[in-house]
Amino acid sequence: MIISKKDIPGFLDKLISEYQVFAPVQEGSFTLFKPISSGTNADLTAANTKLPAKEIFFPQSEKLFSYNATEEGVKVEEVLDEQKKVIFGVRPCDARSLVLLDNVFDNDKFQDPYYLTKRANTIMIGIGCNTPLSTCFCTSVNGSPFDTKGLDLLLVDIGDAYVVEVVSDKGKSLAEQAGLAAATDADKAAAAKIKETATITCQVNTDGLKEKLDTNFYWPIWDRIHEKCLGCGACTYLCPTCHCFDIVDDAKDCNGCRVRNWDSCAFPIFTLHGSGHNPRTSNKERYRQRIMHKFKYFVDNFNEIACVGCGRCINNCPVNLDIRAVLEDVRGSEARLDS
Amino acid sequence: MKNPYLPLPMKLVKNFTETEDKLIHTFTLQFLSEEDEKSFPYMPGQFAELCVFGKGEAPFGMASSPTEPGFLKFSIAKVGVVSTALHMMEEGNMVGVRGPLGNYYPVDELKGKNVVIIGGGFAFTTLRSLATYMLQPEHRGDYGDITVIYGARNPGLLLYKEELAAWEQNPNINLVTTIDSAVDGWNGRVGFIPSVTEEVAPSSENTYAIVCGPPVMIKFTMPVLEKLGFPDERIIMSLENRMKCGIGMCGRCNVGGKYVCKDGPVFTKAQLNELPGEY
């Protein structure tokens, strides 16, 4: 199927009448996913949004329930967002990150109803990356610029139109409902050509990385690798696969609500015990945890690397600590100092 | 989909000052209905997130045993916002409980075995749950000798004093209590847990050791158990790490790839040997 670029605002306006529609929206010097009220608000020109699409399903701050406690009892009211949503213009890396996060929020023992309800009620319309950034390394972590994982529809920009690839049944019925025209063979060929020419220039060699991490927890590499890191946590807040959170009460006396907020393994109090003991005493342990979690523990538990190569942590680190260089360093690490 | 974040309201029926320094209270919470109680089927070693509405929630191991129906017991030290608020609560107040969470002591695997329970200080809570469970007449026959070695800095800091006194008289259990340094009127042993363990522990043959206590006690007790011939598969420990969600999602209590809240808190030493020492 195909949709002309000039028809996009109209297409979105139709969706807005039925769904809550999120799309990248210009915010100063960057774009963010926001609910849009008009199809003309969507901005598909930027390579990627400042914050990942994850925040739609797992917001930075989210009310879990409200309560009213008295001597007689406690009234608890669950707050579930069951609104039907469409995410328009999500990049393949962000879409794939949600497939990874599904493992966490729907684990072997528990289901998180807040995240999973939103996931079940959302249609994901992705847009492939014709010109990936120099910091994009999705192909090194099992993704690609036109990966369809986690998507219902994938748009391929062929100039003045998008070729629409149907990925799921949900996507198919949405595209049919919208009455999209069939793509001609020439359009399809153009899309195939674009896909071929879009290249990720940056490759991170992850061969043997997991095996190294299986054995190098106590190696001296970690004494040095974290030195540049300020522990600001920016990378964790911008990461599409980071999922750590805190739970707090926002209340006056016994009336209030329980809220969960993003948290970060980069912060010392994240693991601080009531006794004062802290299993991750210094930045070294905390930085190691971040790398281990993404490239070893997640792989052990779910057979997937918890990184989609979006490059946000590289672009936004205040001290230019580049995860690609870190991984390369870890991969080459030795059991003893090579001084 | 069951929402694991929603607390079950429970009524505080007893706020008891457990220790001489007044820093540990034991809270008895009553279920509001039989249906509520049925929704909370737990085992010794499991924990729950206890919340004071308006203050927040924190994880605590159940000190009561499932063989004691109608209520839950928690012994809690006053250290943070939630525990301080709990200490100040009055009988009749409402609190929230969500759980049961985590795994539990392997009560089935322990069948037919001797069990030595080794506890230090305030970590005795879930061990009390386990001992109470095994001592229940219905269960007692399932287990061999039960030995409890329990130490505190001084007699005033021992938990469950009345119960300990009853266990002293109970032929079904061999209780050894110890304090760090001698005081007048103390009839038990004097000395640290590791050396007392070395003296009084039963043979490691067909025996499991269940150990819970402060890190320094664990550190010095492990070599003793090894010397006594306990294999790592038969040394069982309960870990504590800072937790929030209790359901393996919020990311902070992991030791290697395992979450203490979801995959623990009970691990064998053999299992812990495979993990980094981040606890």
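Predicted model: local features only at pLDDT ≥ 70, side-chain atom pairs only at ≥ 80, totals over all residues.

The UniProt annotation "binding site", from an unreviewed entry, covers B:C245, B:C250, B:C253 and B:C261. UniProt positions are in the numbering used here, feature names are shortened, and annotations may be inferred rather than shown by experiment. These four span 17 residues in sequence, yet no two of their C-alpha atoms are more than 10.1 Å apart, so they gather at one spot.

A word on the source. Residues are numbered from 1 along each chain as its sequence is written, with chains lettered from A and ligands numbered from 1 in the order in which they are written.

Back to the cysteines. B:C250 sits in the loop between β12 (235-238) and β13 (254-255) of chain B; strands are DSSP runs (E, at least two residues), numbered from the N terminus. B:C250 is buried, with 22 other C-beta atoms within 10 Å; the cut-off for buried is 20 or more, with C-beta atoms placed from the backbone. Leaving aside neighbours within four places in sequence, B:C250 contacts A:C244, A:F245, B:K244 and B:C245. Contact means C-beta atoms, placed from the backbone, within 7 Å.

Now B:C261. This one is in the loop between β14 (258-259) and β15 (266-268) of chain B. B:C261 is buried too, with 28 other C-beta atoms within 10 Å. Beyond four places in sequence, B:C261 touches residues including B:L101, B:M243 and B:C253.

Last, the chain contact. Chain B gives 36 residues and chain A gives 43.

Methods:
Contact = placed C-beta atoms within 7 Å. Helix = DSSP H or I, 4+ residues; strand = E, 2+ residues; numbered from the N terminus. Buried ≥ 20, exposed ≤ 12 C-beta atoms within 10 Å, placed from the backbone.
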